[in-house]
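These are my notebook entries on a structure that I looked up. I begin with single residues and then turn to a whole chain.

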Amino acid sequence: MDRQIRPIYESLDTGSNKSAILACNKVLKKQPNNLLVKALKSLALVRSQKVEEALLLCDEVLASKPVDDPTLTAMMHVLRGLGRHMDMVTMYEDAYKQQPGNEELGTQTFFANVRIGNWKAAQQIATKMHKQFQDDHYLYWSVMSALLQAHDPTTPEALRTVLLKLAHRLISSSATPSYYNADRFHLHLTILRQLGLYDEAYEMVESESGQIVCSSNLSCDELRREIWKLKGLTKEAGEAAEKRILEAKDRNWLEFLAVLDATFADLTSEASDVEAAKVAVSERIVKAREFFGKVVEVDGMKDRSGHLALLELEKRSRQHGLATDSSALHSLLESYFQSFGGKSCCYEDLKPYIEFEGDDLAKWTAVLEKQTASFTSVPDLWRYINAQKLLRYNLSPSALTPEAESQRAAKHADVYLDGLTLGRDLPSYDLQPADDLAILSAQAFVNCWKQTGDESYLYNAAALLEYAGFRSKKSYQIRLHLIRIYRLLGAPALALEHYRSINVKQVQNDTLSHFILSRASTFSLSSVGDLTYTSECLESSRIYLSNSEETAEFIVRAFSGEKYSQLPDFIEFEDRLDNSLQRDLVKMEHVRMRIAHEPINSELVDMELIELKFIFDRVHHDNRDFDILANYQPRGVTSFNQQTEFLEKTPSLGWLWVFLKIYIKAFQLASDLDDSVEDKLLIGDRPKPSYDPETKLPLNERLATRKPEEIAELTPDEASFYDYACALSEWLTPYHDYTRPPPSAVLAEAAKITEQKTGQTLKGLEIASDAASNGHSKKDEEPPVVIDPPALITKYFDDMTQRFKQAQEGKLFPHELLHIVTLTQEAFLLFVIETTRFKTSSVIKVNKLGALAQHIKEIRSKASAVLAEISAALVSYSEKEGTAERRKEVVEACAPITSKTGVRSFHCRDCTTSLTAHAQLDHDFILQVAKRITDARKQITEHVGKGLVRVCKTHA
Amino acid sequence: MSVLRPFRATDMFKFNHINLDLWTETYAINFYLGYFSRWPDMCAVQETPQGRIMGYVIGKAEGSGAERHGHVTALSVAPEYRRLGLSRKFMSWLEQVSDENQRGLFVDLYVRCVNTAAITMYEGFGYSVYRRVKEYYSNLGLGLNPRDEEDGFDMRKPLSRDPMRRSVRANGRDITVSAHEVP
């Protein structure tokens with residue numbers, strides 16, 4: 001037997017699924033009922049994407065209720081591949097029932113429930129196993145499962161306390177004390193804290209063994225601090241912290257915070273006599289100042305803690321009206337700046353303390369302005385950069401006129417070029433210490449653009465940043481800035497190039513892909529067959545597949561290794577990635593790109609309909625990282641991130657909801673699937689039902705709801721697209737509902753296809769005898785009266801023509817131009833999706849909808865005419881972009897940053913970049929940047945233009 | 001000056017500014033989850049008072065008997081928080097955990113032979129080269145001497161259970177092994 005099975009495993013291990021299937025067939029010929037071989041064949045089929053055949057075998061094996069380990073293991077992989085986790089639970093439960101003394105089966109049944117987050121069942125199994133096998137860790141499994149069930153958002157409020165009490169009772173019954181193991185100890189403390197049993201928890205952490213655990217385990221120590229706080233021991237915590245700071249030389253900022261909190265404790269807890277409390281706190285402030293002063297004396301410049309604690313003390317004293325010396329904050333800031341101005345974190349350190357006005361501001365400004373640009377060392381340069389950032393933070397609106405800002409930008413650029421001399425000898429992969437001056441300059445330029453709408457400021461920013469990126473090749477910050485600017489300039493190819501250079505990987509796809517994929521359909525050329533952005537969407541989405549395939553396994557591992565402290569975070573991580581907002585924003589963009597490229601048939605429509613409906617039931621998490629983009633704009637101005645948003649609107653949940661509604665509605669009309677059919681054809685598990693009460697409303701009601709807060713996330717053009725989409729679907733709904741074939745016919749068709757593929761009938765289907773009429777069955781009721789289409793539909797295309805003309809006259813930005821064009825195309829495609837059913841002449845004839853067909857024809861030709869017109873105009877626009885004059889304009893716009901004399905000529909170590917062989921920010925360098933920008937713009941406008949015609953032709 | 005706290009799974013959403021550095025690799029999620037599910041007490045981050053992660057360390061305990069030791073798998077500090085003593089704090093913390101919790105005799109780590117800044121730093125912390133491991137790393141594409149770019153140094157520091165300093169040697173730089181000879 002083994003001799004026959006081994007080759008199957010070997011083939012599976014090496015990924016040769018085909019030979020695995022052959023090997024299985026060979027065995028099955030002689031032993032047609034060999035369960036293990038059937039399971040292995042099913043696995044090979046799943047892995048070769050032959051889902052229908054795999055399903056058949058999988059169901060056969062499940063029906064015979066296997067108990068042997070190899071078959072169960074093989075089936076585990078099959079079911080995981082098919083997304084049938086519920087069946088996995090049933091399979092193990094059945095096996096465990098047959099062999100209740102089998103500890104391994106019990107464990108696997110527990111794990112199967114853990115994988116799908118079925119904590120209730122997991123808890124019951126663990127309890128049962130503890131009774132039966134008497135091992136402590138089963139008890140802790142059941143405790144942890146009860147705790148996780150209490151945390152689960154689907155658990156009713158009232159049940160939570162009951163579960164926590166159960167967990168408490170169970171853990172107290174343990175034969176061995178929890179402090180034997182740091183993670184068991186952590187679990188025990190967590191339960192006590194959640195039940196509000198702070199005294200008991202305090203006793204535990206302060207016991208001798210508790211102290212030992214906490215001293216070498218950060219997670220337990222974190223809980224210890226929390227428990228002290230919850231018990232109201234702020235002052236005691238402060239005293240303990242002072243000791244640690246002095247004796248153990250601990251410089252953990254948490255210790256300093258504890259001292260600070262203790263200092264003001266009398267005021268924050270409800271004091272009966274406020275005046276007396278103030279006096280007491282004032283005394284404590286003096287003491288704390290002395291204490292931190294001592295730390296500063298000891299540490300000098302070795303550690304910032306004491307210095308920052310003094311600043312924080314002064315700030316809090318001011319907040320409570322207890323500051324005695326008005327100049328104290330200033331002298332602290334000044335001395336901090338003197339000591340740590342040479343470190344790059346100085347700006348971030350001081351930002352919370354410098355919101356000054358009037359005289360205070362003038363004094364502080366004077367300090368910073370003393371820092372001149374005559375630096376001779378890197379710390380000097382940093383002190384200058386920090387001074388510039390700190391000064392900029394407090395600039396008043398009157399100091400931010402475009403003239404003042406562009407002067408500032410040019411000055412920063414100048415000093416940046418000087419600063420490069422300090423990094424002359426660094427290896428090419430190191431960051432230049434002067435980089436932030438280029439970024440400061442670029443941000444000032446962008447602020448000018450924001451105020452005036454004059455694109456030339458963006459050219460300056462782009463050219464300077466390109467140069468800075470050339471000198472500091474590994475600076476992601478410079479590249480992120482360029483990505484934002486190139487998208488605004490309508491040069492997406494360049495943005496993508498920089499994004500790829502950053503080398504975003506793995507989970508970063510979730511947090512960073514928004515830089516390039518937000519509203520990416522605006523820049524997609526899928527209409528002309530260029531799938532760059534389409535595949536970028538798929539690439540960036542692979543992380544979600546790894547998450548759903550792998551993360552649950554680590555939850556299982558954390559259980560088996562008893563690392564309970566990790567479980568809540570693992571579960572949160574899995575959920576946040578699985579229900580990531582960015583995931584579905586990208587999905588939506590992918591759909592928008594797909595329809596411009598692929599034929600619109602039932603395969604596309606049905607699949608997307610099901611997927612989008614699943615998404616519509618999700619509770620999303622926004623994991624996008626916007627903080628990574630540095631912000632040096634003054635505090636009265638919106639952040640650099642907001643300034644460079646695409647049309648000032650970042651798509652978020654509201655945006656997603658609107659587009660889901662639009663597309664679900666459209667696909668629903670176009671599709672023949674109704675819920676009953678969908679259920680029968682679905683292979684994997686349905687997603688867990690959402691706990692959001694809104695998802696319980698009927699789907700059609702949800703689709704029709706228009707919410708102002710959602711619409712607020714749309715650009716004006718997207719808002720009118722939404723109106724158009726609603727009018728269109730409302731008009732066409734009755735005709736779709738009347739002509740859609742009955743569910744029985746749809747199922748019969750599906751069964752036929754399955755039979756063709758597998759030679760077997762679709763299981764569980766009983767097809768009514770009247771289903772064979774191919775959807776053209778006689779109807780009892782009369783067809784709905786055809787009414788005229790709403791004026792809004794044709795008006796939309798007229799309006800967009802107008803908008804396009806505006807954009808062309810130069811009143812709008814290049815990215816807005818593309819936005820208008822691609823939305824108009826999308827409106828046409830939406831129309832195609834919703835009218836494809838009526839293209840079949842027999843459908844029109846049988847249902848007597850001739851009048852409707854006429855309307856559809858008119859709208860289609862109207863829309864096509866509009867697209868053709870825009871296309872022609874866009875192509876001629878693109879020709880202008882490619883000319884020498886256009887390049888010259890860009891170069892001339894960059895005069896503020898072009899070095900005139902060429903004095904600064906550096907010798908560059910390797911000049912092999914694609915951009916330039918020049919090492920100077922001179923005319924030639926800028927000409928190359930100009931060429932790249934105009935070429936990129938030419939390319940995108942030309943192809944989007946041509947795509948319009950192609951889309952019309954495809955769907956004529 | 002910073003808050004030292006455990007490295008959690010959800011920190012993966014917030015470590016971009018550290019990982020986009022040339023010397024820092026972003027691994028598949030199962031790499032991080034693997035460490036958190038086995039050695040959660042050997043993974044930590046330091047963050048600013050405002051809650052921004054400044055750097056992190058990922059470690060593990062391996063070997064038995066005289067080979068029992070703590071291993072630094074990854075240590076990275078964002079460029080803007082360098083030269084503030086963060087690495088020193090991470091290392092002394094990991095040494096303490098390796099010593100007290102894991103009963104290790106030494107701590108070891110690997111570093112690219114070209115990463116001179118890091119090598120000097122670790123030497124300052126009391127580490128010394130134990131051996132050179134051939135082709136331990138992938139090429140960075142920097143166009144440097146490929147031997148130095150791909151080779152790594154195995155550096156070690158003895159802990160309290162090794163008072164005779166048996167786990168280190170003076171001539172480590174001269175001893176070369178191939179990548180498959182090390183765990």
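**Entry 1**

I note at once that the model is predicted. I placed Q134(A) in the loop between α8 (119-133) and α9 (136-151) of chain A. Its phi is positive, about 60°, although Q134(A) is not a glycine. I recorded this because most residues other than glycine have a negative phi.

I then looked up N503(A), which is not a glycine and has a positive phi of about 65°. I found N503(A) in the loop between α28 (492-502) and α29 (508-512) of chain A. With 13 C-beta neighbours inside 10 Å, N503(A) counts as partly exposed.

**Entry 2: Chain B as a whole**

Which pattern does chain B follow along the sequence? I read it as β-α-α-β-β-β-α-β-α-β-α-β-β. Chain B has five helices and eight strands. Its radius of gyration is 16 Å, close to the 16 Å that the globule rule gives for 183 residues, so chain B is as compact as a globular protein of that length. Along its principal axes, the C-alpha trace of chain B spans about 45 × 45 × 30 Å.

I also noted that 45% of the 183 residues in chain B are buried. Of the contacts in chain B with a separation of 6 or more, 65% are between residues 24 or more positions apart.

**Entry 3: The sheet of chain B**

I traced an open sheet of eight strands in chain B, in the order β1-β2-β3-β4-β5-β7-β6-β8, with mixed pairing. Which strands stand at the edges? They are β1 (3-6) and β8 (176-178) of chain B; each has a single partner strand, so one side of each is left without a neighbour in the sheet. The twist averages 30° from one strand to the next.

I followed β1(B) to its pairing with β2 (residues 43-47) of chain B, which is antiparallel and runs over four bridges. In β2(B), E47(B) is the bridge partner of V3(B).

**Entry 4: Helices on the sheet**

I found helix α14 (residues 218-230) of chain A packed on the sheet, where it touches β1 and β2 of chain B. The direction of α14(A) makes about 115° with that of β1(B). Helix α2 (residues 29-38) of chain B also packs on the sheet, touching β2, β3 (53-62) and β4 (69-77) of chain B. I noted an angle of about 65° between the directions of α2(B) and β3(B).

Notes: Residues numbered from 1 in each chain as written. Chains lettered and ligands numbered in written order. Predicted model: local features only at pLDDT ≥ 70, side-chain atom pairs only at ≥ 80, totals over all residues. Helix = DSSP H or I, 4+ residues; strand = E, 2+ residues; numbered from the N terminus. Buried ≥ 20, exposed ≤ 12 C-beta atoms within 10 Å, placed from the backbone. Rg over C-alpha atoms; globule rule 2.2 N^0.38 Å. Contact = placed C-beta atoms within 7 Å. Pairing = 2+ DSSP bridges. Axes fitted to C-alpha atoms, helices over the stretch in contact; angles between N-to-C directions.
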